[in-house]
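Please take a look at the structure shown here. A short briefing on it comes after.

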Amino acid sequence: DKVEKFAPAHSLPSDQIFSLFKGSDGVMWVGTGSGIGRYENGVFKNYVSAGGIPLNTVSGISEDHQKKIWFQLEARGLAKFDGKEFVFMDIDRGLSSNLITCLYFDDQHIAWIGTIGGGLNWIDAKGIKHIDIQNGLYDNVIYTILEDAGKLWMSCNNGIFYIEKEQ
């Protein structure tokens, strides 16, 4: 067995690794405490900021139906990468909270976003929307989202619950 360690000396932005993701194109993405590493053809390319916004502490990585890569940025919302540039989503751009806990993409190409304190957000072709306890959600802290038979199941501080996707 061979074990090879990759750390800053091997071109990663940090040795604190919070997330790993392999895209549909085979590219490996590494979320670190100081930026994003993209591992392709044996070489790392790093992204530590984009448009003046730091990309540190990447707690989760996902891919949507258009092959865009989404990054959960601790306490700063989301960043979506299309292969050339990053687009940021946060409170100032329509999210209900910058504290993102989970991201789920359904078969209708809707991005469902769980938050701490901001309830549930979703992004579709019409823009960003959200629901919280003030308009019927069970809890404003969402840790996990999954779908079953048209229902979105969520875990929270008060157990689990579901909503119908039509809400």
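The points below cover the cores, the cysteines, one histidine and one hairpin.

This is a predicted model, in which local features need pLDDT of at least 70 and side-chain atom pairs count only at pLDDT 80 or more, while totals for chains, interfaces and linings use all residues. Residues are numbered from 1 along each chain as its sequence is written, and side-chain values use heavy atoms, with hydrogens and water left out.

**Nonpolar cores**

- A nonpolar core is a set of buried Ala, Val, Leu, Ile, Met, Phe, Trp, Tyr and Cys residues joined through side-chain atoms within 4.5 Å.
- Buried means under 20% relative accessible area, exposed means over 50%, and partly exposed lies in between (1.4 Å probe, protein chains only).
- The largest core has 16 residues, and W29, I36, L55, F71 and F86 touch the most other members.
- Two or more residues each come from β7 (58-63), β8 (69-73), β9 (77-81) and β10 (86-89). Strands (E, at least two residues) are DSSP runs, numbered from the N terminus.
- β8 gives the largest share of this core, 3 residues.
- Leaving aside neighbours within four places in sequence, F71 is in contact (heavy atoms within 4.5 Å) with W29, I36, V58, G60, I61, G77, L78, A79, F81 and F86.
- Another core lies apart from this one; it has 14 residues, including I131, L137, I145 and F161.

**Cysteines**

- The whole structure holds 0 disulfides, a disulfide being a pair of cysteine sulfur atoms within 2.5 Å.
- C102 is in no disulfide, and its nearest cysteine sulfur, that of C156, is 11 Å away.
- C102 counts as buried because its relative accessibility is 9%.
- C156 is also buried, at a relative accessible area of 10%.

**H109**

- H109 sits in the loop between β11 (100-105) and β12 (111-115).
- With a relative accessible area of 45%, H109 is partly exposed.
- Not counting residues up to four places away in sequence, H109 touches H65 and I123.
- The side chains of H109 and H65 make a polar contact at 3.1 Å. Such a contact is a pair of N or O atoms within 3.5 Å; within protein, one must be able to donate a hydrogen and the other to accept it, and residues adjacent in sequence count only if both atoms are side-chain atoms.

- β3 (residues 36-40) and β4 (residues 43-47) pair in the antiparallel sense over 5 bridges. Two strands pair if DSSP finds at least two bridges between them.
- R38 has K45 in β4 as its bridge partner.
- The hairpin has 2 residues between its strands, and N41 in the turn has a positive phi of about 55 degrees.

How values were computed: Helix = DSSP H or I, 4+ residues; strand = E, 2+ residues; numbered from the N terminus.
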